[in-house]
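Please brief me on this protein model, topic by topic.

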Amino acid sequence: MVTMGQLWTNTGSALATLMFVYTIFKQWFPHFGDHLEPFFKRLFSRFYPYIQITFHEYSGEHFKRSEAYLGIQSYLSKDSSSRAKKLKANTTKGSKSLVLSMDDKEEITDEFESVTVWWQSKKEGNIRQSFSFYPAADEKRYYMLRFHRRDREVIIERYLEHVMREGKTIELKNRERKLYSNTPGQNHGNQTKWSHVTFEHPATFDTLAMEEKKKEEIKSDLVKFSRSKDYYKKIGKAWKRGYLLFGPPGTGKSTMIAAMANFLEYDVYDLELTTVMDNTQLRRLLIETSTKSIIVIEDIDCSLNLTGQRKKKEEEDEDEDDKNTIEKKMMKNEGDKKESKVTLSGLLNFIDGLWSACGGERIIVFTTNFVDKLDPALIRKGRMDKHIEMSYCGFEAFKVLAKNYLDVEESELFDEIKRLLEVEGIKMTPADVGENLLPKSEGEEGETCLRRLIEALKEEKEEAKRRVEEDVKQKKEEEEEKRRRKEKKAEKEAKEEEEKKKKNKIEENGEAEH
């Protein structure tokens, strides 16, 4: 009795013989073979149970590299490095590392939902000497996917989508992240509106001087946002989130942004509003930002005159009276230099208007030293969804800095520092604490740096006391000056009223004489 193995062997031999005869026949009778070719293909397909799909490296008339090919290359790079015997290393533009892929004529297997598929890297044609930037016309590289025809539905409907999605994820993870900025010289003509450098800021949440509970809360919020594409679509909102970082200078607002970007592996767009000519240009800049990015507007209260546009006339008049001559002159000179026509309405539309939905997975971050100066419409929930206060250095934040700067986790001096920071309530920014902890000479010990910090905290306490006394004194002087101005104004008004009465009396006497 013939076994299944023998049957397939005999069938294979018969097909090979038939194909050999067909080849010879086609060589001698080429035109007649054109009529028989469809017949032989149908016959061959009845016995050959596999389906093949090819993905060419270049497509179109302009030799544009196929996104599908690049996605497959990224998807297979991990398996290729561990399974394939022959590899080739490529440097891809914008990638921070080498990309390993199968060399020509190599094959690896992959499994998906218990289905086995085979990937082959192939090349057709001969290599010719060419001065072109593209491969010679007769040299074509491609990936070939082979699978059993019974798995057609799984492969077509789910596996290919899985390959593209995972390949894109690997590309984004391996890409060289960028720090973009808009400059005045690039806002004219057809030049690009964003220039960039490689983003290499080393800040992470582990090195960020902040309470651990607060850091975990922010990280959890970021992770939830990055995984909520379907949820945002379900509730009908653009896939974006706004963060407002506020606090005194030196509290780590810029460092927080860098830590967020490194945590999510996002690009950063540093938007300088004063170089944007108008609202239209602001929208164009938004359109040209990529997904998986953080758009930053630092010191929003100083960027443009967006803080007092809703003040009442009476409040403006009162503020104007309180300002001295030097302040008025400085504001006038600053106003003369402004050329931007970006309005509060244009910025609000940029944040959460119709244009904000152009693209997805974006985070918008505002920073400010004076949150009270900002228009409430600019920072309300829905625009700036999460408000994060960057405060003065506490004891937990100090311990992070001590670990970062000195690699010290415990010391007998910690109790004194804790007393000064928490009991005495001395306010010192993380930037100032870090500067005091930084060794000033080669071989300076950690204990010396800690003692220097203690002395700096004590000096800060005395300085804060002096500032309070000066503020009280200045406030009294301002109140006294304000009282004198009011008295002078009242005296002037009384004198004018007296002059008016005398004038009226003279006029009345003159009319009586006539």
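**Surface patches**

Ile-287, Leu-354 and Trp-355 make up a nonpolar surface patch with about 330 Å² of accessible area together. Patches are built from residues with over 30% relative accessible area and no salt bridge; like charges are joined within 9 Å, and nonpolar side chains (Val, Leu, Ile, Met, Phe, Trp, Tyr) within 5 Å. A salt bridge is a side-chain nitrogen of Lys or Arg within 4 Å of a carboxyl oxygen of Asp or Glu. Areas come from the Shrake-Rupley method with a 1.4 Å probe; for residues, only the protein chains shown count as cover.

The model is predicted: local features need pLDDT of at least 70, side-chain atom pairs count only at pLDDT 80 or more, and totals for chains, interfaces and linings use all residues. Residues are numbered from 1 along each chain as its sequence is written, and side-chain values use heavy atoms, leaving out hydrogens and water.

- Trp-355 sits in the loop between α12 (344-352) and β14 (362-368). Helices (H or I, at least four residues) and strands (E, at least two) are DSSP runs, numbered from the N terminus.
- Trp-355 counts as partly exposed because its relative accessibility is 34%. Buried means under 20% relative accessible area, exposed over 50%, and partly exposed in between (1.4 Å probe, protein chains only).
- A patch of negative charge on the surface gathers Glu-410, Glu-412, Asp-415, Glu-445 and Glu-447. Asp and Glu count as negative, Lys and Arg as positive; His and the chain ends are not counted. A charge is placed at NZ of Lys, CZ of Arg, CG of Asp or CD of Glu.
- Glu-445 belongs to the loop between α16 (430-437) and α17 (446-513). Glu-445 is exposed, because its relative accessibility is 55%.

**Buried parts**

- Helix α12 has buried residues Leu-344, Gly-346, Leu-347, Leu-348, Phe-350 and Ile-351.
- These buried residues pack against β11 (240-246), α8 (279-287), β13 (293-297), α9 (300-303), β14 and α13 (376-379). Contact means heavy atoms within 4.5 Å.
- Ala-261 lies in helix α7 (residues 253-264). Ala-261 counts as buried because its relative accessibility is 0%.
- Not counting residues up to four places away in sequence, Ala-261 touches Arg-177, Phe-199, Tyr-266, Val-268 and Ile-294.
- The C-alpha atoms of Ala-261 and Lys-292 are 9.3 Å apart, with the two residues 31 residues apart along the chain.

**Whole chain**

- The protein chain holds 17 helices and 15 strands.
- Of its 514 residues, 35% count as buried.
- The chain's accessible surface is about 33,600 Å², with 51% belonging to carbon and sulfur atoms.
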